[in-house]
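Colleague: Thanks for making time for this one. Could you open the model, so that we can go through a few features together?

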Amino acid sequence: MKSPDFNQIIDRHNTGSVKWDFLDRYLHLNTTDLLPMWVSDFDFESPKEVLQALSSRIDHGIFGYSERDDLYYQAVINWFSKRHKLPLNRDWFTSIEGVIPGLALLIQMLSKPGEGVIIQGPYYASFAKIITMNGRSVIENPLFESPEGYKIDYDHLEHILEHHRPPLLLLCNPHNPTGRCWDRDELLQLLILCKRYGTTVLSDEIWADLTLPWGKFTSILHLGSEWHSNVIVATSASKTFGLSSLRISNFLIPDTTLRQAFNDRLNAHGLDVFNSLSMTAATAAYQYGDTWLDKLQDYLAENNSWFKQALASYAPWCRMTKAEGTYLAWLDCRNLGLDDNALQQALIQKAKVAVSMGYCFGDQGKGFIRINLGCPRQYLEKTITGLAQLTW
């Protein structure tokens with residue numbers, strides 16, 4: 001099989017791409033001359049084995065009601081065993097079309113209207129959205145910056161656990177947008193506190209496969225069965241293999257009572273039928289995507305290192321946060337001395353780059369931007385050329 005060419009430019013215009021075709025709708029930017037570096041959606045072709053499996057399934061021509069088969073379960077179980085040394089029990093699996101919809105249903109299931117849900121800023125904006133739009137309140141446990149990357153403020157976490165007694169904490173691991181991979185000791189300390197105060201941890205681990213060479217992913221499920229009564233893990237092949245619109249995610253719920261309650265809720269919403277193409281793509285990706293992912297990780301690591309060095313040379317006002325996972329760059333732009341509106345206008349008018357503005361990730365994101373490094377190097381070169389136009 002020919003090696004993937006991650007430098008290949010593939011035109012994504014007019015494919016219904018949120019990232020490339022809908023800047024105006026989502027970012028209110030009525031222009032066509034911006035390089036879209038905002039959505040966490042990479043610009044690489046999926047593995048050839050996935051494309052072949054999809055083609056064969058389409059050639060079959062019938063797309064009736066479908067269910068997860070043995071191959072699907074075994075592919076996922078084998079993947080986590082091989083890549084992460086994490087044994088999974090098939091009984092733990094529940095599935096839904098997307099991590100965010102699953103998290104939203106779990107928020108409905110495990111909390112009451114008006115109760116609080118903890119998230120750790122800078123946080124993924126969709127977390128705050130599904131909390132507030134479901135009638136719950138956001139309780140922030142802000143991360144703090146350090147030379148080694150962002151850290152969890154455990155003193156503050158215990159304070160809000162004790163005073164608010166929230167039913168849920170929504171964890172992101174690896175963390176979007178900062179790229180931190182929480183280590184075993186950090187996760188253990190968090191679980192000890194949450195269990196002490198009766199708080200269930202929902203861990204979004206969708207970025208688990210996309211670690212950098214100097215990073216290591218640890219799932220909360222690695223910490224053992226003693227924590228199973230109050231942890232739920234969300235996984236998906238979507239970020240790893242570029243399958244975001246072929247939506248299927250797995251929520252791993254070791255606790256029997258929690259799992260049955262979630263399955264009942266899925267059935268109550270009619271979410272008991274699965275997309276045959278989504279299952280085909282995910283199964284093939286987990287079965288055959290190992291070598292492809294190794295090469296992708298190498299490329300993403302090179303992009304990360306190249307971009308950091310280029311910033312130092314051409315946009316030294318911009319500090320890149322040390323990441324251990326994801327293909328995102330979390331950039332501190334506060335040296336420019338601009339407020340967020342002026343920063344965004346400078347990026348649009350001078351740099352000609354569309355980014356995710358940091359303020360969308362909560363108060364801890366003010367003065368920051370997030371850029372997607374999951375793209376051919378040529379796009380990063382254009383981004384650096386644009387950022388170099390901004391001076392301090």
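Colleague: By class, what residues does the lining of the second largest pocket have?

Modeller: Happy to start there, and please keep in mind that this is a predicted model. The pocket in question has a volume of about 330 Å³, and 19 residues line it, with Lys-2, Ser-3, Pro-4, Lys-48 and Trp-292 the closest to its centre. Sorted by class, the lining has 8 nonpolar, 4 polar and 7 charged residues.

Colleague: Which helix gives the most to the lining of that second largest pocket?

Modeller: Two helices each supply at least two residues of this lining, namely α3 (48-60) and α12 (290-314). With 3 residues, the top contributor is α12.

Colleague: Which residue is the bridge partner of Ile-96 in β8?

Modeller: Strand β2 is joined to β8 (residues 249-252) by 4 bridges, and the two strands run antiparallel. The partner of Ile-96 in β8 is Ser-249.

Colleague: How do α5 and α6 pack, and by class, what residues does their contact have?

Modeller: Two packed helices are described by the angle between their axes and the distance between the axes. For α5 (residues 99-110) and α6 (residues 125-132), the angle is about 35° and the axes are 9 Å apart; α5 passes α6 in a right-handed crossing. Ile-100, Leu-103, Ala-104 and Ile-107 of α5 meet Ser-126, Phe-127, Ile-130 and Ile-131 of α6. By class, that contact has 7 nonpolar, 1 polar and no charged residues.

Colleague: In the sheet of 4 strands, which residue in β10 does Met-320 stand opposite?

Modeller: This open sheet has the order β9-β10-β13-β12 with antiparallel pairing, and β9 (319-320) and β12 (356-357) are its edge strands. Over 2 bridges, β9 pairs with β10 (residues 328-332) in the antiparallel sense.

Colleague: Now some backbone checks. Where is Pro-177 found, and what is omega for the bond that joins Asn-176 and Pro-177?

Modeller: Most residues other than glycine have a negative phi, and most peptide bonds are trans. Pro-177 is found in the loop between β5 and α8. The bond that joins Asn-176 and Pro-177 is cis as well, with omega of about 20°.

Colleague: One last item: what is the phi of Lys-85?

Modeller: Lys-85 lies in the loop between α4 (70-84) and β2. Although Lys-85 is not a glycine, its phi is positive, at about 50°.

Methods
Residues numbered from 1 in each chain as written. Predicted model: local features only at pLDDT ≥ 70, side-chain atom pairs only at ≥ 80, totals over all residues. Heavy atoms only, no water. 1 Å grid on protein atoms, 1.4 Å probe; cavity = no way out; pocket = protein on both sides within 12 Å on 5 of 7 lines; lining within 4 Å. Points joined across faces, edges and corners; volume = space filled by probe spheres on them. Nonpolar A, V, L, I, M, F, W, Y, C, P; charged D, E, K, R; others polar. Pairing = 2+ DSSP bridges. Axes fitted to C-alpha atoms, helices over the stretch in contact; angles between N-to-C directions. Left-handed = near helix turned anticlockwise from the far one by under 90°. Contact = heavy atoms within 4.5 Å.
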